[in-house]
Amino acid sequence: MVEILSYEFIQNAIFSAILISLIAGIVGSLVVVNRMVFLTGGVAHSAYGGIGMALYFGIPLFFGAVVFAVFTAIILAVLTFKKRSDMDTFIGVIWAVGMAIGIIFVDLTEGYNVDLMSYLFGSILAVDSNDIYFMVGLLILTIIIVVIWYRDILAVSYDMEYAMLRGIDIKKFYTLILVLSALSVVVAIKVVGLILVIALFTIPVYIAQRISKSLWVMMIIASMISLIASLIGLFLSYSFNLTSGASIILINAFIFILFLIFYHKK
């Protein structure tokens, strides 16, 4: 067991598991309390459009996914801020159009790129140093934003009318949370894949929300649950040659089931 820790790809995988768990715990808490789960799902799947375009134009897939996801998040923020009743429609359109754009550009690209599979189903063992640097930067940025604007984010998340009376720029924080979600989702796609990414941002947070009394405590608990599941999933995927993303999500699901059983017994 100790020998495998000497491999660079294992070290990168462990570092990325720690970083993405902290990011998912913090941003996932914001996503859930702001009722943006379906919104981030739309951003996640539309990111495939950026992957397809990046593949076609010969630029880094990760860069294409980031740019496209952030662009999509801003569009969704503009479209849904004042028209909440039409939110599901806008998300459905963005979701489908983003996926369609990605598929078309992949079709137009000569040959087949195996890297696409890691974006669909995740491959934490394939995370490289550049991905680690991006995760570190995003985690630092996320922590800074939450620490500086914690009270404003708290007000916007739980009581928008109160936030408006306090003179808080609700639209700014609404957009900021969506952009942070987009960046976090793209990073998480490298770990658990585009198809499973929503679960990473919701399962640990659901549990944390039930046993915490404040937003910051929820973020910490969600991060710890996500970290435990990610490390166990990583170990299982390496030991039994399983898909890492699916392993991590199944461990999350197992913890979720145990929580439901014991929580409802109280």
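A cavity here is a set of grid points where a 1.4 Å probe fits but cannot get out, and its lining residues have an atom within 4 Å of a point. With that in hand, here are some notes on this predicted model.

1. **The cavity.** One cavity of 30 Å³ or more turns up in the structure. The volume of the largest cavity is about 40 Å³. Its lining is made up of Val 37, Thr 40, Gly 41, Ala 44, Val 185, Val 197, Ile 198, Phe 201 and Thr 202. Helix 2 (37-57) and helix 10 (197-211) are the elements that each give two or more residues to this lining.

2. Among the residues named in the lining are Val 37, Ile 198 and Phe 201, along with Thr 40 and Thr 202.

3. **Helix 9.** This helix covers residues 170-192, 23 residues in total. From first C-alpha to last, helix 9 reaches 31 Å, close to the 33 Å expected at 1.5 Å a residue. Of its 23 residues, 19 are buried, so helix 9 is largely enclosed by the rest of the structure. Just after helix 9 comes Gly 193, with a positive phi of about 90°.

4. **Ser 46.** Back in helix 2, have a look at Ser 46. Its relative accessibility is 0%, and because buried means under 20%, Ser 46 counts as buried. What does its side chain reach on the backbone? A polar atom of the Ser 46 side chain lies 2.9 Å from the backbone oxygen of Val 43. The side chains of Ser 46 and Thr 72 are also joined by a polar contact of 3.5 Å. Not counting residues up to four places away in sequence, Ser 46 touches Phe 68, Thr 72, Ile 94, Gly 98 and Met 99.

5. **Ser 157.** With a relative accessible area of 7%, Ser 157 is buried. Which side chain does Ser 157 meet in a polar contact? The partner is the side chain of Asn 34, at 3.0 Å. The Ser 157 side chain also reaches the backbone oxygen of Ile 153, at 2.7 Å. Leaving aside neighbours within four places in sequence, Ser 157 is in contact with Val 33 and Asn 34.

Definitions and conventions: Residues are numbered from 1 along each chain as its sequence is written. This is a predicted model: local features need pLDDT of at least 70, side-chain atom pairs count only at pLDDT 80 or more; totals for chains, interfaces and linings use all residues. Side-chain values use heavy atoms; hydrogens and water are left out. Helices (H or I, at least four residues) and strands (E, at least two) are DSSP runs, numbered from the N terminus. The expected span of a helix is 1.5 Å times one less than its number of residues. Buried means under 20% relative accessible area, exposed over 50%, partly exposed in between (1.4 Å probe, protein chains only). On a 1 Å grid over the protein atoms alone, a cavity is a set of points where a 1.4 Å probe fits but cannot get out, and a pocket is an open set with protein on both sides within 12 Å along at least five of seven lines; lining residues have an atom within 4 Å of a point. Grid points are joined across faces, edges and corners, and a volume is the space filled by probe spheres set on the points. A polar contact is a pair of N or O atoms within 3.5 Å; within protein, one must be able to donate a hydrogen and the other to accept it, and residues adjacent in sequence count only if both atoms are side-chain atoms. Contact means heavy atoms within 4.5 Å.
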